[in-house]
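Welcome! Please take a look at the structure below, and then we will walk through some of its features together.

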Amino acid sequence: MLQAWIQFVGEEASGQRMAVLEKLGHVGVQAVPRGVGELSGPGVFVFGAADTATLETLRELQLRPSVRVLAVATSGAALAEGACWRLLKAGASDVLVWDRARDVAAEIAARLERWAAVDHLIESRTVQARLVGRSPAWLSVLRQVIEVAAFTDASVLILGESGTGKEEVARLIHALDARAQKRELVILDCTTVVPELSGSEFFGHERGAFTGAVGAREGAFALAHGGTLFLDEVGELPVGLQAQLLRVVQERTYKRVGGNGWHQADFRLVCATNRELADEVARGTFRRDFFHRIASWVCRLPPLRERSEDILPLARHFLQVLRPGVPLEFDEPVREYLLRRSYPGNVRDLRQLITRICKRHVGTGPMSVGDIPPDELPPAEGPGDWQDASFAQSIRRALALGAGLKEIGRSASDTAIRLAIADEQGNLQRAARRLGVTDRALQLRRAQWEE
Ligand SMILES: Nc1ncnc2c1ncn2[C@@H]1O[C@H](COP(=O)(O)OP(=O)(O)OP(=O)(O)O)[C@@H](O)[C@H]1O
Ligand SMILES: [Mg+2]
């Protein structure tokens, strides 16, 4: 028996309650009415009209990242005027109509079962040991990846900025691949492919195919036979080479360099790039036909700034990897610093930062602000922060050169006045306002300089 939560919104939907629950029961779904308490996993949301109240309830459900909603309209009329898209936008994963002419209950059961299987895999060690994160943005893409990896043999194109986890996801796709007697994952970095040797690298060669080919050699396609071929940085692949790869990617047959016989290679193709390949196709710098063949499924990994909820869990994960068995934490200001910092290199940046912090740390207590490498310290901010080391340095020099308190105070305010006037392009009124003095006071002071 498959368990799922169910919610009826509006009178029309409530009127169908008995019929829906009974039909779902027949196909093995035990639908538990949504209580006030904890809600998680896949569930069914039955509604009579896609009005504001319905969309609002849906949005509220979607605030829980582990929840996945199948929206079921009591009639086709409820989906008029593009309501389907509004429901998807409000967070529904799919939308169906409770059509008495069809066995909709079975269709619902099939979806709930698949979603439950995906959720089960998300919690598995295979996934959890590799990829950390529970933010909505991350869970949404992880669900897609798991579904395509475990339940299809589709080629996958992984897009995402540098350091977002593309290689890690490619490894996960191979690990979750359900093929019987699955073989190796073969990784080919397209940035290191030398054009003159690329044919051999991909297709392999026969003995004597070219000068230096003393023996026959298997290429990447042969090595990936029965497994997965991961073309990393596929955006760097020269256009000419893309043309050569079209046939093998489409039909899985190829010839070795210097050979005449056709060889068969069955592999799942996974490609990754941090380039916007669709733009490159539009510009003509990436072949359209090749793009369509490698991208039967595209998943885009979110940058870390769009999943900041994952920063601390990731940071703790890296700590654990670096110091296994030692329960280490971060002090509050360090946590704040980690959350506020920007990560242009995404998860890789965060991992490097944690490695550096961890190297400086001594003892068994939490990581403290002193563990943050000095070149990583945040720029000075907030009231009083301008009185930093360089400020003290200038005062020290003034004292060393014999300047007294009066002279130091005077030159500090003169400097402030000069800077403010320059900042305001010579406008004394505005400069005075910024300095918190009257125009007259500023004029007098300037007159003194000229004396
Ligand atoms: N969700 C995650 N959980 C744990 N570690 C992660 C996660 N995402 C990325 N990493 C780690 O971050 C680093 C960078 O990840 P990866 O090499 O997969 O990124 P990438 O997108 O291929 O980067 P690039 O574009 O620079 O090749 C690796 O050390 C990886 O283990
Ligand atoms: Mg990579």
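**A strand and its partners**

Strands S10 and S13 (residues 268–273) pair in the parallel sense, with four bridges between them. Here, strands are DSSP runs of E with at least two residues, helices are runs of H or I with at least four, and both are numbered from the N terminus; two strands pair if DSSP finds at least two bridges between them. This is a predicted model, in which local features need pLDDT of at least 70 and side-chain atom pairs count only at pLDDT 80 or more, while totals for chains, interfaces and linings use all residues. Residues are numbered from 1 along each chain as its sequence is written, chains are lettered from A and ligands numbered from 1 in the order in which they are written, and side-chain values use heavy atoms, leaving out hydrogens and water.

**Around S10**

- Five of the five residues of S10 (residues 228–232) are buried, so the strand is largely enclosed by the rest of the structure; buried means under 20% relative accessible area, exposed over 50% and partly exposed in between, with a 1.4 Å probe and protein chains only.
- In a regular strand the side chains alternate between the two faces of the sheet.
- On one side of S10 lie Thr228, Phe230 and Asp232, on the other Leu229 and Leu231, and all are buried, which leaves both faces covered.

**A five-stranded sheet**

- Five strands form an open sheet in the order S2-S1-S3-S4-S5, with parallel pairing.
- Strands S2 (29–33) and S5 (92–97) stand at the edges with a single partner strand each, so one side of each has no neighbour in the sheet.
- Strand S1 (residues 2–9) pairs with S2 in the parallel sense over five bridges, and Gln3 stands opposite Gln30 in S2.

**Aromatic rings**

- The structure holds seven aromatic pairs, where rings of Phe, Tyr and Trp (its six-membered ring) pair if their centres lie within 6.5 Å, and planes under 30 degrees apart count as stacked, over 60 as edge-to-face and the rest as tilted.
- Phe45 and Phe47 form a tilted pair, 6.2 Å centre to centre with 35° between the planes, and both residues are buried.
- Phe202, Phe203, Phe221, Tyr254 and Phe267 are linked into a cluster by ring pairs.
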